[in-house]
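Have a look at the model first, then read on.

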Amino acid sequence: MSRFFDSKFMSLEAYVPGEQPRDKKYIKLNTNESPFPPCPAVLEAMNRSAAADLRLYSDPTSLEVKRAVADFYGVAPECVFVSNGSDEALNFLFMAFAENGAAYPDITYGFYQVFADLYGKKTAVVPLEEDFSIDPAKLKQCTENRTLFLANPNAPTGICLPPDVIESILLAGRDRLVVVDEAYIDFGGESVIPLTQKYDNLAVVQTFSKSRQLAGARLGFTIANPALIDGLEKIKYSTNPYNVNRLTQLCGVLAMQDRVYFDKTRAQIIENRAYTAAELKKRGFAMTDSRANFLFARSDRMSGRDYYDGLRERGVLVRYFDKTRIYDYVRITIGSRAEMDALIAATDDLLAEREA
Ligand SMILES: *Cc1c(COP(=O)(O)O)cnc(C)c1O
């Protein structure tokens with residue numbers, strides 16, 4: 001590290017994204033992207049004229065995206081903040097809305113820990129139960145009005161809390177902000193966006209990366225009461241006013257407007273998830289009840305590491321977390337039916353090799 005690097009960041013452990021290897025072509029089931037292309041209108045809009053407009057700055061207010069999101073969810077545009085991926089919104093929320101510190105489960109999205117460290121926040125880590133379910137009582141008890149970051153469905157377990165449980169958490173501490181990260185909500189959970197109209201201690205963060213085929217465009221949004229949105233805008237204008245580029249704004253509006261494609265593709269993921277879960281179960285795997293576009297699976301016949309390595313050798317990439325409590329598991333993104341069949345075939349081949 002350079003001797004000019006600020007010493008307070010010396011021990012910071014940065015977020016490690018899922019690998020994007022180039023050594024050969026893999027079936028990529030490791031970063032929860034969609035196996036489907038963006039909707040037809042998005043593909044069509046990416047033309048010469050859209051590219052020519054790149055000489056101009058993007059709309060710093062992302063107004064068209066705000067309107068499309070507001071229209072979809074039945075809220076006012078003033079309740080919407082648009083960000084460069086949802087990671088940027090989470091960054092701003094940690095930066096500016098966690099004065100009393102942050103709280104999150106021990107097994108959850110790894111970025112929460114990174115942001116907490118980056119900003120030197122006091123943290124309370126709430127342990128999940130043995131089966132990775134969340135005991136709401138433990139979240140309610142969580143002390144000193146620390147901002148609660150809750151991925152729902154949780155990552156990488158896929159386990160989802162219903163809205164009434166989240167409402168009870170909001171009610172248990174009206175002076176504590178709760179951030180619900182709904183990156184995976186479109187694959188079988190119920191959003192708490194409607195509760196943002198009733199509770200000023202709730203912010204809901206969503207992304208276009210998982211259910212709207214735009215991971216590479218970097219687009220996310222937050223829905224909350226207008227006062228909270230103003231705070232996020234203030235941070236944005238103090239860091240990067242043109243945070244969302246022109247092409248991404250255009251794609252986001254079109255993707256949000258094509259409800260038919262959205263429903264068709266997420267239904268396909270849900271169907272492929274049920275198919276894959278049943279096939280893995282036949283082969284003795286155990287899984288959490290995932291409502292996300294991935295399965296969290298383990299086998300008594302091999303360690304998580306061995307399953308990950310064996311699949312990788314066979315050209316299938318999944319995500320393995322070398323972490324206490326979850327090192328027996330791998331996280332498998334739900335892809336197309338053909339990709340899932342390739343995963344099953346690679347699994348059979350690996351099991352046969354190990355039994356031989
Ligand atoms: C993928 C993911 C995000 C980040 O999404 P981007 O919009 O691509 O930044 C945030 N939270 C969770 C839980 C995720 O899995």
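**Pocket, cavities and helix contacts**

Helix α5 contributes the most to the lining of the largest pocket, giving four residues. This is a predicted model, in which local features need pLDDT of at least 70 and side-chain atom pairs count only at pLDDT 80 or more, while totals for chains, interfaces and linings use all residues. Residues are numbered from 1 along each chain as its sequence is written, and side-chain values use heavy atoms, with hydrogens and water left out.

**The largest pocket**

- Its volume is about 1,200 Å³; a pocket here is an open set of points on a 1 Å grid over the protein atoms alone, with protein on both sides within 12 Å along at least five of seven lines.
- The lining is made of 46 residues, and Tyr15, Val16, Tyr109, Gly110 and Arg319 lie nearest the centre of the pocket; lining residues have an atom within 4 Å of a point.
- At least two lining residues come from each of α4 (85-96), β3 (102-105), α5 (111-118) and β12 (319-320); helices (H or I, at least four residues) and strands (E, at least two) are DSSP runs, numbered from the N terminus.
- The lining holds 22 nonpolar, 11 polar and 13 charged residues, where Ala, Val, Leu, Ile, Met, Phe, Trp, Tyr, Cys and Pro count as nonpolar, Asp, Glu, Lys and Arg as charged, and the others, Gly among them, as polar.

**Cavities**

- Three cavities of 30 Å³ or more are present; a cavity is a set of grid points where a 1.4 Å probe fits but cannot get out.
- The largest cavity has a volume of about 50 Å³.
- It is lined by 13 residues, with Ser34, Phe187, Lys210, Gln213 and Ile269 closest to its centre.
- That lining splits into five nonpolar, five polar and three charged residues.

**Helices α3 and α9**

- Helix α3 (residues 63-73) packs on helix α9 (residues 246-257) at about 15°, with the axes 8 Å apart, so the two are roughly parallel (angles under 35 degrees).
- On the α3 side, Glu64, Val65, Ala68, Val69, Phe72 and Tyr73 meet Gln249, Val253 and Met256 of α9, contact meaning heavy atoms within 4.5 Å.
- Seven nonpolar residues, one polar and one charged make up this contact of α3 with α9.

**Helices α11 and α12**

- The axes of α11 (residues 304-313) and α12 (residues 337-355) come within 9 Å and cross at roughly 115°, and the helices are therefore roughly perpendicular (65 to 115 degrees).
- Asp306, Tyr307, Gly310 and Leu311 of α11 touch Leu343, Ala346, Thr347, Leu350 and Arg354 of α12.

Note on methods
Points joined across faces, edges and corners; volume = space filled by probe spheres on them. Axes fitted to C-alpha atoms, helices over the stretch in contact; angles between N-to-C directions. Parallel < 35°, antiparallel > 145°, perpendicular 65-115°, else oblique.
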